[in-house]
Amino acid sequence: MGKKGKKEKKGRGAEKTAAKMEKKVSKRSRKEEEDLEALIAHFQALDARKTRIVETPCSPPSPRLNASLCAHPEKEELILFGGEYFNGQKTFLYNELYIYNIRKDAWTKVEIPNPPPRRCAHQAVMVSQGGGQLWIFGGEFASPDGEHFYHYRDLWVLHLATRTWEQVRDYIYYNDLYAFNLDTFTWSRLSPSGTGPTPRSGCQMTVTAQGSIVIYGGYSKQRVRKDVDRGTQHSDMFLLKAEEGREGRWAWTRVNPSGAKPTPRSGFSVAVAPNHQTLLFGGVCDDEEDESLEGHFLSDLHFYDPVRNRWFAGQLKGPKVEKRRRRRGKKGEPGGASKQELKGTGAQEPLQVVRELVAEDGTVVTIQQGLAALGPAGQPESHDSDDGTNEAGVPAVEPSPRSSAMLAVKHGRLYLYGGMFEAGDRQVTLSDLYCLDLHKMEEWTVLVEMDPESQEWLEETDSEEDSDEVKGAEGGGESEEDEDSGEEAR
């Protein structure tokens, strides 16, 4: 026992030593990275002193490797950028720019304000847009002793026609506005008065019956600190309206609709209903932390009435056979529902199934899926049988939660096709097709089933869950009066 105890104690000691060593190495690595960042900042401060473009004929560049050499797309020129050199004792990094004239066999050093930080082993490509552009991505910076390295992930473009460097962040959001003339086939940029939406992506726009344009929602990111971004789910709405008596002039107005507003999201889909209301389906809402991302995929339906400036939840009524069954029950016909059953049925509300999937990389994805209201025996109301119960006792058919689905309305029917769902690095692209009668608002009809591969993946993720958590659907702040108004609006 004594020997065994000593071995176990020795093993635990080794584990502690390894843990301490790992912590020490991690701390040292952070310190080394901070030192490199400080050195890079020092060189950038030196570069910031250059305020004008200087082109100087020169001898060939000094020896270097891991630089980039690209051919100009229109001129007889080669462009050399960056690189590194080791003299046996010290490592030198460059962000110099040289242009070699092939016909003249002559070199020119070009100094341009605000260049990219010094680097080597970057990726470079030349394109012909705008009179020639040199695109630079990533690369590496080394400490003078060549022992420590910093890896870039930034993107730069050199506009050769204007001799200017521009840093292109990992994402660029725009809020500019253009109009296309169907008669002249030309684009023109609009400059509406008023304050419009902030730059964003993933927003949607629709046209009202009066010819105005509605912009809703979207997504954008902001850099909160180095290599850390924070996303924003927008839920604001704007109206772009033509100014009366001023042809070609437009104005922005921010609107604040009332009613049951959709939760913030992006990647949702929109279409125009027969009564000129805008309908919204699904989407995804990402809850972002510094090192985690939790995505909520949605399958709810909402209507926006631009005349009333009001949102309505798209609640399905259920099939008419259930209403007939209830009327027979009230008359006391054989097979009719009892008062207790009717009370239970009437009190039920649509349900939400909430499932959390954990991908291999630790990403947690929450799926919210609506279910039909429960019938007298706790079973979902049927869309097929006369007694209002589904033979298999399964939830009513409806599209699964998704984003980026395609919508179209024809003859008062909403058609929904495809979309996508993702969990971590895994993505499922859907190809199923559904139809919903917008006049009846009773139930979805499946026109094309989900393909076997997607179905298999969804069944696999379902089997990984120990249990499903069923929650009552939240009213979304919509009162009975709102529901009545929504009924009237549709």
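This is a predicted model: local features need pLDDT of at least 70, side-chain atom pairs count only at pLDDT 80 or more; totals for chains, interfaces and linings use all residues.
# Reading hairpins, sheets and salt bridges

Me: What counts as a strand, and how many helices and strands does the protein chain have?

Reply: Both elements are DSSP runs, numbered from the N terminus: helices are H or I over at least four residues, strands are E over at least two. The protein chain has five helices and 27 strands.

Me: What does pairing mean, and how many bridges join strand 4 to strand 5?

Reply: Strands of a sheet pair through backbone hydrogen bonds, either parallel or antiparallel. Here, two strands pair if DSSP finds at least two bridges between them. Strand 4 and strand 5 (residues 106-111) run antiparallel and share four bridges. One partner pair is Asn101 with Ala106 in strand 5.

Me: And on to strand 3: how many bridges join strand 3 to strand 4?

Reply: Nine, again antiparallel; strand 3 covers residues 77-86. Leu80 faces Tyr98 of strand 4. Phe86 faces Thr91 of strand 4. Strand 3 and strand 4 also make a hairpin with four residues between them. Gly88 in that turn has a positive phi of about 100 degrees.

Me: In what order do the five strands of this open sheet lie?

Reply: The order is 1-5-4-3-2, with antiparallel pairing. On average, neighbouring strands are turned by 25 degrees against each other, direction ignored. For such angles, axes are lines fitted to C-alpha atoms (for helices over the stretch in contact), and angles run from 0 to 180 degrees between N-to-C directions.

Me: How many residues of strand 4 are buried?

Reply: Buried means under 20% relative accessible area, exposed over 50%, and partly exposed in between (1.4 Å probe, protein chains only). In strand 4, eight of the 11 residues are buried, so the strand is largely enclosed by the rest of the structure. Across the protein chain, 38% of the 490 residues are buried.

Me: Which strands form the open sheet of four?

Reply: Strands 6-7-8-9, in that order, with antiparallel pairing. Strand 6 (123-127) and strand 9 (164-168) are the edge strands, each pairing on one side only. Neighbouring strands here are turned by 25 degrees against each other on average, direction ignored. Five bridges hold strand 8 (residues 149-159) and strand 9 in antiparallel pairing. His159 is opposite Thr164 in strand 9.

Me: How do I read a salt bridge, and how many are there?

Reply: Look for a side-chain nitrogen of Lys or Arg within 4 Å of a carboxyl oxygen of Asp or Glu. That rule gives 12 salt bridges. Arg64 and Glu96 form one, at 2.9 Å from N to O. Arg64 is in the loop between strand 1 (54-58) and strand 2 (68-71), and Glu96 is in strand 4 (residues 91-101), so the pair ties together parts 32 residues apart in sequence. Arg64 is buried, at 18% relative accessible area.

Me: Where do Lys50 and Arg308 stand: buried, exposed or partly exposed?

Reply: Lys50 is partly exposed at 33%, while its salt-bridge partner Asp47 is buried at 6%. Their N and O atoms are 3.9 Å apart. Arg308 bridges to Asp305 at 3.6 Å. Arg308 is partly exposed at 37%; Asp305 is buried at 8%. Shared partners also join Asp47, Lys50 and Glu111 into one salt-bridge network.

Me: Which residues make the nonpolar surface patch of about 660 Å²?

Reply: Patches take residues with over 30% relative accessible area and no salt bridge, joining like charges within 9 Å and nonpolar side chains (Val, Leu, Ile, Met, Phe, Trp, Tyr) within 5 Å. Here the members are Tyr178, Phe180, Leu182, Phe185 and Trp187. Leu182 is in the loop between strand 10 (177-181) and strand 11 (186-190). Leu182 is exposed, at 67% relative accessibility.

Methods. Residues are numbered from 1 along each chain as its sequence is written. Side-chain values use heavy atoms; hydrogens and water are left out. Accessible areas come from the Shrake-Rupley method with a 1.4 Å probe; for residues, only the protein chains shown count as cover.
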